[in-house]
Amino acid sequence: MLTPILHALSTHLETLAPQERRLGEYILQDPNSVIHLGITELANLCGISPSTITRFCKTFHFKGFPDFKMKLAGELANNPHSAETHYQDVIAGNDLGKIVQAIEANHLASITDTTRLLDMAQLKKAVDVLCAAKRIDLYGIATSSIIAQDFYQKLVRIGKNCTAFADSHMQITAASTLGAGDVALAISYSGETPETIDALRCAKDSGAITISLTQYGNSQLASLADVSLFSSSLEEGMRRGDMASRIAQLHVIDILFTGMVSMEFHDYIPKLESSYQNVRIYRKQREGK
């Protein structure tokens, strides 16, 4: 079973330039040896220049070759895909007990993989700009709109001025009214949803800070955003029903929200408590009728 980084390399291999593809193929063939090589050694083995390796690493959102080696080494040393935790496909005719085990394993693995993909610097930047934002727009189509709506409901509870749009026309309309001090967060598992890309580009052109949440790897949406966040990218087969990927993206949303509340604790906690108490009062009034 490929780790998330190796899976991303394998998925995007054919989109790379010839020299970068040669490097990607070498890494996929012998990842354990790569983590022990210097950049010049690896360049010589692949018949490419060190600058090609640096460019390759930045294509996949690493700071450079040392950062790539460190994160790849961490994945290889702590590969979660044991018999208990590896991703399992849904097989026709499986009894309900096996289906329960498979879904549990997939969700646990997606959360573990996503956590190991998180770039703490990018995550901290996202939390900072979301806390400081005058207005937050959330964009997502289809399943991604569900993730956006989840974040919207959380942000409303702490008093943030935000909206979540699933309609592509409204996304563009709203994005065009953003400005400096505003934030747009776009969600797309593939990172290639045209409507979401257009909305985030419009938000960026309008002066807003942009954040993307996509599967790990190179994509138009991630490349466009000021801050790029990633979730696990191992969903395949019948798992393509947006199950594990949805859990992985919700995991990132929960981290962002909790990070915001922790950072602005004295401001957000009273608002959370107030919203909770008001909903309780409303429910009691409704039940008393």
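Does Phe-68 count as buried or exposed, and at what relative accessibility? Phe-68 counts as buried, because its relative accessibility is 1% and the cut-off for buried is under 20%.

This is a predicted model, and confidence comes first. The chain has a mean pLDDT of 88. Of its residues, 90% reach 70 or more. Among the elements, strand β3 (residues 183–187) has the highest mean pLDDT, at 98. Helix α14 (residues 265–288) has the lowest, at 81.

Two stretches call for caution. Over residues 80–85, pLDDT stays under 50. The model still gives that stretch 15 contacts beyond four places in sequence. Residues 237–241 also stay under 50, with 10 contacts beyond four places in sequence. Where pLDDT is low, the predicted coordinates should not be read in detail.

Now turn to the aromatic rings. The count comes to 6 aromatic pairs. Take Phe-56 and Phe-60: their ring centres lie 5.2 Å apart and their planes meet at 50°, so this pair is tilted. An edge-to-face pair needs planes over 60 degrees apart. Phe-56 is buried, with a relative accessible area of 1%. Phe-60 is buried as well, also at 1%.

Phe-62 and Phe-68 form another pair. Their centres are 5.2 Å apart, and their planes stand at 80°, so the pair is edge-to-face. Phe-62 has a relative accessible area of 6% and is therefore buried.

Notes: Residues are numbered from 1 along each chain as its sequence is written. This is a predicted model: local features need pLDDT of at least 70, side-chain atom pairs count only at pLDDT 80 or more; totals for chains, interfaces and linings use all residues. Side-chain values use heavy atoms; hydrogens and water are left out. pLDDT is the predictor's confidence in each residue, from 0 to 100. Helices (H or I, at least four residues) and strands (E, at least two) are DSSP runs, numbered from the N terminus. Contact means heavy atoms within 4.5 Å. Rings of Phe, Tyr and Trp (its six-membered ring) pair if their centres lie within 6.5 Å; planes under 30 degrees apart count as stacked, over 60 as edge-to-face and the rest as tilted. Buried means under 20% relative accessible area, exposed over 50%, partly exposed in between (1.4 Å probe, protein chains only).
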